[in-house]
Amino acid sequence: MSAFDLQAVEAGIAGTEFAGMVVHFPSVGSTNVLALEAAQAGARGGVWVADEQTAGRGRGGHGWHSAAGDGLYVSALVTPPLPMTTALTLSLATGLAAQAAIAEVSRLRVDIRWPNDLLIDRRKCGGILVETAVVPATEGEPAMLRYAVIGVGINLNHESFPAEIEAVATSLRRESGAVVSREAILAALLRYLDEEIRFLLLNEAELLERFAVASSWVRGKRVRVDESGGYTGVTAGLDTRGFLLVDCDDGLRRTVLSGGVRELD
């Protein structure tokens with residue numbers, strides 16, 4: 001494992017909201033936990049990146065395999081002025097940023113499984129976990145985002161995986177045949193994330209349209225959804241808040257609220 005070059009990352013993110021904020025650790029339990037603790041202590045921004053996580057977390061309470069030096073394990077604290085009704089769009093914006101960063105550095109085309117998984121040929125190479133806090137609604141004012149911690153894990157240079165995920169996981173090195181720089185991916189991710197959040201604040205509807213183009217999962221994919229007792233159907237776009245719509249086999253159109261979307265052959 002090569003030493004992490006923090007100076008190279010900072011040079012690559014000059015001029016962004018994240019400049020001067022990246023903190024690197026050889027090993028942590030979870031970068032998201034560090035970011036959440038900082039946010040709860042009053043921080044308004046920051047980036048935490050680790051060579052290894054010993055208690056990495058995925059969405060829905062799942063663990064995240066975080067081999068030392070092989071992946072990108074990073075969390076960013078952001079505080080954009082967003083109403084909580086549209087906070088999901090931060091996850092979608094992060095997916096677009098990760099897709100663009102991977103394409104720039106490795107030339108690989110990554111699909112985004114709504115709302116937060118990065119896939120190459122049905123195998124998962126990355127995931128996004130966004131954790132938020134709310135400013136409660138007051139008379140005449142909606143509930144607003146207090147802060148969001150955006151956690152991103154990307155399998156970069158893994159050559160193998162634990163047996164239980166070997167069939168469903170992949171890495172950028174496996175797919176491209178080349179070693180991928182953590183510093184290059186991180187700098188690109190933060191640059192694109194900075195751009196996407198700025199774009200989101202200006203034109204949320206257009207960001208949703210761009211996500212629908214970037215993800216093959218948004219329209220016309222036959223899926224099973226593991227919520228409300230489970231149901232099957234065909235994806236039918238996003239609603240105005242960024243939630244996935246599914247035209248179900250029973251004739252109803254349902255809104256997916258919590259993920260758990262899987263493709264049916």
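Ala, Val, Leu, Ile, Met, Phe, Trp, Tyr, Cys and Pro are counted here as nonpolar, Asp, Glu, Lys and Arg as charged, and the others, Gly among them, as polar. In these terms, the lining of the largest cavity in this predicted model comprises 7 nonpolar residues, with no polar and no charged residues. The residues concerned are V74, A76, I150, V152, L189, L190 and L193. Two or more lining residues are contributed by each of β3 (71–78), β7 (144–155) and α5. Of the elements, α5 gives the most, with 3 residues. The volume of the largest cavity is about 40 Å³, and the structure contains 1 cavity of 30 Å³ or more.

The largest nonpolar core contains 64 residues, among which L72, W114, I154 and L172 touch the most other members. Helix α5 (residues 182–202) supplies the largest share of this core, 9 residues. Helix α5 is also the element that gives the most to the lining of the largest cavity.

The surroundings of L72 were then considered individually. When neighbours within four places in sequence are set aside, L72 is in contact with V49, V152, G153, I154, L156, R182, I185, L186 and L189. Among these partners of L72 is I154, itself one of the residues that touch the most other members of the largest core. V152 and L189, likewise in contact with L72, are among the residues that line the largest cavity.

Definitions and conventions:
Residues are numbered from 1 along each chain as its sequence is written. This is a predicted model: local features need pLDDT of at least 70, side-chain atom pairs count only at pLDDT 80 or more; totals for chains, interfaces and linings use all residues. Side-chain values use heavy atoms; hydrogens and water are left out. A nonpolar core is a set of buried Ala, Val, Leu, Ile, Met, Phe, Trp, Tyr and Cys residues joined through side-chain atoms within 4.5 Å. Buried means under 20% relative accessible area, exposed over 50%, partly exposed in between (1.4 Å probe, protein chains only). Helices (H or I, at least four residues) and strands (E, at least two) are DSSP runs, numbered from the N terminus. Contact means heavy atoms within 4.5 Å. On a 1 Å grid over the protein atoms alone, a cavity is a set of points where a 1.4 Å probe fits but cannot get out, and a pocket is an open set with protein on both sides within 12 Å along at least five of seven lines; lining residues have an atom within 4 Å of a point. Grid points are joined across faces, edges and corners, and a volume is the space filled by probe spheres set on the points.
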